[in-house]
Amino acid sequence: AAAAAAPAAPQAPAIFAALTQRLAEHPALRDELRATVRIDVKDTGASHTIAAGADPTKPDAVITLVDADLAALARGETTAQRLYQQGKLRLDGDAHIGGRLGLLKGLL
């Protein structure tokens, strides 16, 4: 039943495009993140790297979640912390980065 409620088209490409635009328009957000973060969307295979760390080719953290949860995060319906606590978001690397993902909010 949960699958029926999911949108037919993956939301990740639109979210990643909006994120790229937001970071271009507001470079201070990149400074606020202070890390290179890769976001992997496991059900669609989409992946996006925000390069704001010392080495843009080596992520300080990798966040893994499904498209619907990424969309909920982008719409501001949930937080990275809440998804993590529910076991819906995996964070490998620097755990402090999870608290700095507010820049995703409002992308949808």
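This is a predicted model: local features need pLDDT of at least 70, side-chain atom pairs count only at pLDDT 80 or more; totals for chains, interfaces and linings use all residues.
## Close-ups around helix 4

**View 1. Helix 2 and helix 4 have axes that come within 9 Å and cross at roughly 40 degrees.** Residues are numbered from 1 along each chain as its sequence is written, and side-chain values use heavy atoms, with hydrogens and water left out. Axes are lines fitted to C-alpha atoms, for helices over the stretch in contact, with angles from 0 to 180 degrees between N-to-C directions. Helices are DSSP runs (H or I) of at least four residues and strands (E) of at least two, numbered from the N terminus.

**View 2. Ala12, Ile15 and Phe16 of helix 2 meet Asp67, Leu70, Ala71 and Ala74 of helix 4.** Contact here means heavy atoms within 4.5 Å.

**View 3. Helix 4 is largely enclosed by the rest of the structure, because 7 of its 8 residues are buried.** Buried means under 20% relative accessible area, with a 1.4 Å probe and protein chains only. The buried residues of helix 4, among them Asp69 and Leu73, pack against helix 2, strand 1, strand 3 and helix 5.

**View 4. Leu70 touches Ala12, Ile15, Phe16, Ile39, Val41 and Leu65, leaving aside residues up to four places away in sequence.**

**View 5. Gly76, which follows helix 4, has a positive phi near 80 degrees.**

How values were computed. Buried means under 20% relative accessible area, exposed over 50%, partly exposed in between (1.4 Å probe, protein chains only).
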